[in-house]
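Hi everyone, thanks for coming. Today I'd like to walk you through one structure, a few residues at a time. Please have the picture open as I talk.

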Amino acid sequence: MYNKFPDGKVLNVNLSEGTINKEVLPGDVYRLYPGGSSLGLYLAMKDMKPGIEPLGENNNLVFSVSALTGLPISGISRVNVTAKSPLTEGMGDSQAGGFFPVHMKANGLDAIVLKGKSDKPVYLYIDGEDVQLKDASALWGKVTGEAEKLIREELGRDDVEIAQIGPGGENLVNYACIINMCNRANGRNGMGAVMGSKNLKAIVVAKGKSQKPVDSEGFFSLAKSVMARLEENGSVAGLGKFGTDGDLEGFSEEGFLPTNNWTTGYFPEGAKNITGETMYDTILKERDTCYSCAVRCKRVVEVPGMVDPLYGGPEYETAATFGSYCGVTSLEYVSLANQMCNMYGLDTISCGATIAFAMEAYEKGLIDRTVTDGIDLKFGNGEALPVLIEKIANKEGIGRLLALGSYRYAQTLGEEAVDLTVTVKKQELPAHMPQYKPAVGLVYAVNPFGADHQSSEHDPFLVMPEDSMERRRLAQLGIQKGYEDPFTMDDDKVRFAWDTQKYFSTLDTLCLCQFVWGPSWELYGPDEMVELCKTGLGWETSLYELMQVGERRINMMRAFNAKEGFTKEDDLLPKKIFTPLKGGPTDGVVLDKESHEYAKNLYYDLAGWDKEKGSPTESTLKRLSLQWML
Amino acid sequence: MKVICNDKTMEIEERTTLSELLAMLNYRKTVAVFINGKQLLSSQLEGYRINEGDKIKIIRILGGG
């Protein structure tokens, strides 16, 4: 039976005018941008001119889920937020899990487009056809846990999900995030600051019913296979038990855990303390989950009198940025830093990395106690973390400078300080080292929204045996070559980077969790992603079409950025990556600059981009039905 | 018997299997294993019996997240 691709349902909210209306996106258009980041980009960029201020009222902020969201299967409840980023100044986006996404969809919405700026703090309340802007003056300045409680009290109902900003977003910190459930973050790219610039405190959605699959038998056969898949999949089962932080100590032992602001990859004095296994054995209170997901990777930790389980627990990136990046060996202080970021609405990666940069600048004498408000900002000072996070969120004292992000702060200090930063397109690097994972490093460099570790598959999976599930799935994408180490960079690795970047881009479009759905180690592989679309939605698709969906998204961002003046000169890894690491098993290791530059040029060729400018050519945009972006 | 594991010489009991060696060395995560320069298939990892003088390379697979 033929099923037409469903129409998209879009809620348009003009905050300047206080108007709200609904719009239908025809199925043939929605199929090109079937949700998440792609849909967000399409809706945000349609009437956005280059050169607008990211924190001005002409920036469009879009919350989007996908055509698949709400189907009862693991790894399907993700919400994407898109806008021009105050951190990178190009198009930005960020994804989060939880229950907000499925309930946004249950209210009949695929996207919420927020334009203009309210003249007073408001929140958006959605309960089916009842959509209202409500006064949020009493919520402004409140941390997330408190605001969530007040909203529920005001509405007199608990059956709502809330995505909100904290004081960090209200005060326009460049890396402010959006938080739902008080512990799930649309963390990167400063989307919380854009929301704050619109005087929008929160979006509240009433809970509703999940989506029914078109082919019930086929769909539930796929959904119910999850337990058997978990049983057989050591990587994902490990994620469930120890969280994303389970491998942290291993990274240090191999010499690739970014430590002391990326000066070394070795953290023997602290790695064991802050690893997921220690968390499991000590402060883990419970494992939490997202809608309908069997993995339960989410951490909930408790330190009586210090860390409240309401705010979840640290992921690997958070443990690294507040732990090893800052030389902090205390899991309790790392957990408190995580809590403070979730309370105040700050991205843990950029926040921790910016503090780590300031610590190195302090140790090198580029700043002193007169700048740090008297704080002894040396590596290892865990007690400084909560103090600094509060200052950043409220833009007080040194917090005003740290709120800029590490790159902009360094620019105020001079070239020597800029050389200490670890950013791409002004966004701080996550805790996966390009020296260990050169294909990930390549994607860090060329990614349109700055360095991101969830934008492509990681190099080590190519070292798995050729009969492994990981390699057999990658072979389905035409990636057959195996390696004896993760460090090698060659032509096939570039293709691996580009092809898996497209795949991950598809996942961010379909709003699928990258621990459950993916091209190698995840629970469900390429075949099953196609099967999900067919049985869940009746979408007669193919891996070819889905990969093109992902490619279209990357090109949309690059084309917009090109109009903003971005060139290949912005595709630069920081100097530190080419500076020898100090100490441990990777003493003296650098990323080879020549092979990295060669890889970038080959990447532009594979992507169909102009090698001189690093932007999509006219024929590439036309091939992807993006002629409207010319 | 003597084997070389990740460039270090070590003494292990005869008839040790690879699974036992991995447990002994506390490898609890996914690994790739090369014996005398040749990679073992996933299907060979479980029961592989190590021989005197084997040169073993164990690579821990550290992914994303």
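Let's start with one serine: the side chain of Ser406(A) makes a polar contact with the side chain of Glu428(A), at 2.7 Å. By polar contact I mean a pair of N or O atoms within 3.5 Å; within protein, one must be able to donate a hydrogen and the other to accept it, and residues adjacent in sequence count only if both atoms are side-chain atoms.

Before I go on, a word on where this comes from: this is a predicted model, where local features need pLDDT of at least 70 and side-chain atom pairs count only at pLDDT 80 or more, while totals for chains, interfaces and linings use all residues. Residues are numbered from 1 along each chain as its sequence is written, chains are lettered from A and ligands numbered from 1 in the order in which they are written, and side-chain values use heavy atoms, with hydrogens and water left out.

Back to our serine. Ser406(A) sits in helix α18, residues 406-413 of chain A. Helices here are DSSP runs of H or I with at least four residues, strands are runs of E with at least two, and both are numbered from the N terminus. Is Ser406(A) buried or exposed? With a relative accessible area of 2%, Ser406(A) is buried. The cut-offs are these: buried is under 20% relative accessible area, exposed is over 50%, and partly exposed is in between, using a 1.4 Å probe and protein chains only. Leaving out residues up to four places away in sequence, Ser406(A) touches Thr354(A), Phe357(A), Thr421(A), Thr423(A) and Glu428(A). Touching, or contact, means heavy atoms within 4.5 Å.

Next, charges. Side chains of opposite charge can pair when their charged atoms come close. We call it a salt bridge when a side-chain nitrogen of Lys or Arg is within 4 Å of a carboxyl oxygen of Asp or Glu. How many salt bridges does the structure hold over all chains? There are 42.

One of them joins Asp373(A) and Lys391(A), with the closest N and O atoms 2.9 Å apart. This pair links distant parts of the chain: Asp373(A) is in the loop between α15 (348-363) and α16 (384-394), and Lys391(A) is in helix α16, 18 residues apart. Asp373(A) is partly exposed at 36% relative accessible area, whereas Lys391(A) is buried at 18%.

Another pairs Asp571(A) with Lys425(A), and here the closest N and O atoms are 2.8 Å apart. Asp571(A) lies in the loop between α24 (543-563) and α25 (593-607) of chain A, and Lys425(A) in the loop between β15 (423-424) and β16 (427-428), so this pair ties together parts that are 146 residues apart in sequence. Both Asp571(A) and Lys425(A) are buried. There is also a network: Glu89(A), Arg408(A) and Lys426(A) are joined by salt bridges that share partners.

Helix α2, residues 36-45, is mostly covered, with 10 of its 10 residues buried. Helix α7, residues 216-224, has Gly218(A), Phe219(A), Leu222(A) and Ala223(A) buried. Why do these four share a side of α7(A)? They cover an arc of only 130° around the axis, which puts them on the same side; the arc is that of the directions from the helix axis to the C-beta atoms. On the face turned away from the buried side, α7(A) carries the exposed residues Glu217(A), Ser221(A) and Lys224(A). Among the elements covering the buried residues of α7(A) are α8 (226-232) and α23 (526-537) of chain A.

Last stop: where the chains meet. Chain B brings 20 residues to the contact and chain A brings 30. The area buried between them is about 2000 Å², and carbon and sulfur atoms give 52% of that. Buried area is the accessible area (1.4 Å probe) that two parts lose on being put together, summed over both.

Across this interface the rule finds 3 salt bridges. Arg60(B), for example, forms a salt bridge with Glu253(A), where the closest N and O atoms are 3.0 Å apart. On the side of chain B that touches chain A, the elements giving two or more residues are β3 (31-35), α2 (42-45) and β5 (55-60) of chain B.
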